[in-house]
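Please find below a briefing on one protein model, arranged by topic for a reader who works with coordinates.

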Amino acid sequence: MIATTTCDENYLPLLKCLLRSVLKNSEVSGFYLRLVDIKNKKEIYKDLVDIYPNIKINFDDQNLSCKRDLLKRKGLLLYDSIENTLKNSVAKSKHPLGISFSKWMVSRRQCYCSNIRYRNIHEIINKGERALYLDTDLLVRSSLKDL
């Protein structure tokens, strides 16, 4: 089984924790990473291979915006489901629970990283391997064999 995940530069510290936890607690045969818009590729590659030697890295250069400015149709925020507090388009006031509405908007890079994961799975399956997608902010605490 090949484990896979996708991340950008912001998630690299979490990715390193994930790799260490998989190496320590699991029997996966390899790890396939898609790293989006990463600087210092040689340095990052060396750091990751030092942690997890059986790794394949796809550096995916897209030059995507990190500005959180994407809304869904009719100007509504993408993630407005908390207590359905948005009745109009983008609200100007604070959420009753203190959540700032702008944080519920997402960037083009966030959307890309979230959706390109299916390409990772497709590539692994096409090579005749079993794929297991892991979120980058996950820690593996026991065997993944049963999955």
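Helices (DSSP runs of H or I with at least four residues) and strands (DSSP runs of E with at least two) are numbered from the N terminus. The model is a predicted one, in which local features need pLDDT of at least 70 and side-chain atom pairs count only at pLDDT 80 or more, whereas totals for chains, interfaces and linings use all residues. Residues are numbered from 1 along each chain as its sequence is written, and side-chain values use heavy atoms, with hydrogens and water left out.

**The sheet and the helices on it**

- An open sheet is formed by 4 strands in the order β3-β2-β1-β4, and the pairing is parallel; two strands are taken to pair if DSSP finds at least two bridges between them.
- The edges are held by β3 and β4 (131-133), each of which has a single partner strand, so one side of each is left without a neighbour in the sheet.
- On average, and with direction ignored, neighbouring strands of this sheet are turned by 20 degrees against each other; axes are lines fitted to C-alpha atoms, for helices over the stretch in contact, and angles run from 0 to 180 degrees between N-to-C directions.
- Strand β1 is joined to strand β2 (residues 30-36) by 7 bridges, and the two run parallel.
- Helix α1 packs on the sheet, where it touches β1, β2 and β3, and its direction makes about 175 degrees with that of β2; contact here means heavy atoms within 4.5 Å.
- Helix α4 (residues 117-126) also packs on the sheet, touching β1, β2 and β4, with a direction that makes about 150 degrees with that of β1.

**Nonpolar core and the aromatic pair**

- The largest nonpolar core has 23 residues, and those with the most contacts inside it include Leu 15, Leu 19, Phe 31 and Leu 134; such a core is a set of buried Ala, Val, Leu, Ile, Met, Phe, Trp, Tyr and Cys residues joined through side-chain atoms within 4.5 Å.
- At least two residues of this core are supplied by each of β1, α1, β2, α2 and β3, and α1 gives the most, with 5 residues.
- Leaving aside neighbours within four places in sequence, Phe 31 is in contact with residues including Ile 2, Leu 18, Leu 19, Tyr 52, Ile 55 and Leu 134.
- The count of aromatic pairs comes to 1, where rings of Phe, Tyr and Trp (its six-membered ring) pair if their centres lie within 6.5 Å, with planes under 30 degrees apart counted as stacked, over 60 as edge-to-face and the rest as tilted.
- Phe 31 and Tyr 52 form this pair, which is edge-to-face at 5.7 Å centre to centre with 70 degrees between the planes.
- Because Phe 31 lies in strand β2 and Tyr 52 in the loop between α2 and β3, the pair ties together parts that are 21 residues apart in sequence.
- Both Phe 31 and Tyr 52 are buried, a class that means under 20% relative accessible area, with exposed meaning over 50% and partly exposed in between (1.4 Å probe, protein chains only).

**Salt bridges**

- Side chains of opposite charge can pair when their charged atoms come close.
- The whole structure holds 7 salt bridges, each defined as a side-chain nitrogen of Lys or Arg within 4 Å of a carboxyl oxygen of Asp or Glu.
- Arg 109 is buried at a relative accessible area of 12%, and Asp 8 counts as buried at 8%; Asp 8, Asp 37 and Arg 109 are linked in a network of salt bridges.
- Lys 16 forms a salt bridge with Asp 47, with the closest N and O atoms 3.6 Å apart, and this pair links helix α1 (residues 12-25) to helix α2 (residues 41-51), 31 residues apart.
- Lys 16 counts as partly exposed at 22% relative accessibility, as does Asp 47 at 27%.
- Asp 50 and Lys 46 meet in a salt bridge of 2.9 Å, N to O, and because they are 4 residues apart in helix α2, they are separated by about one helical turn.
- Asp 50 is exposed with a relative accessible area of 53%, and Lys 46 counts as exposed at 52%.
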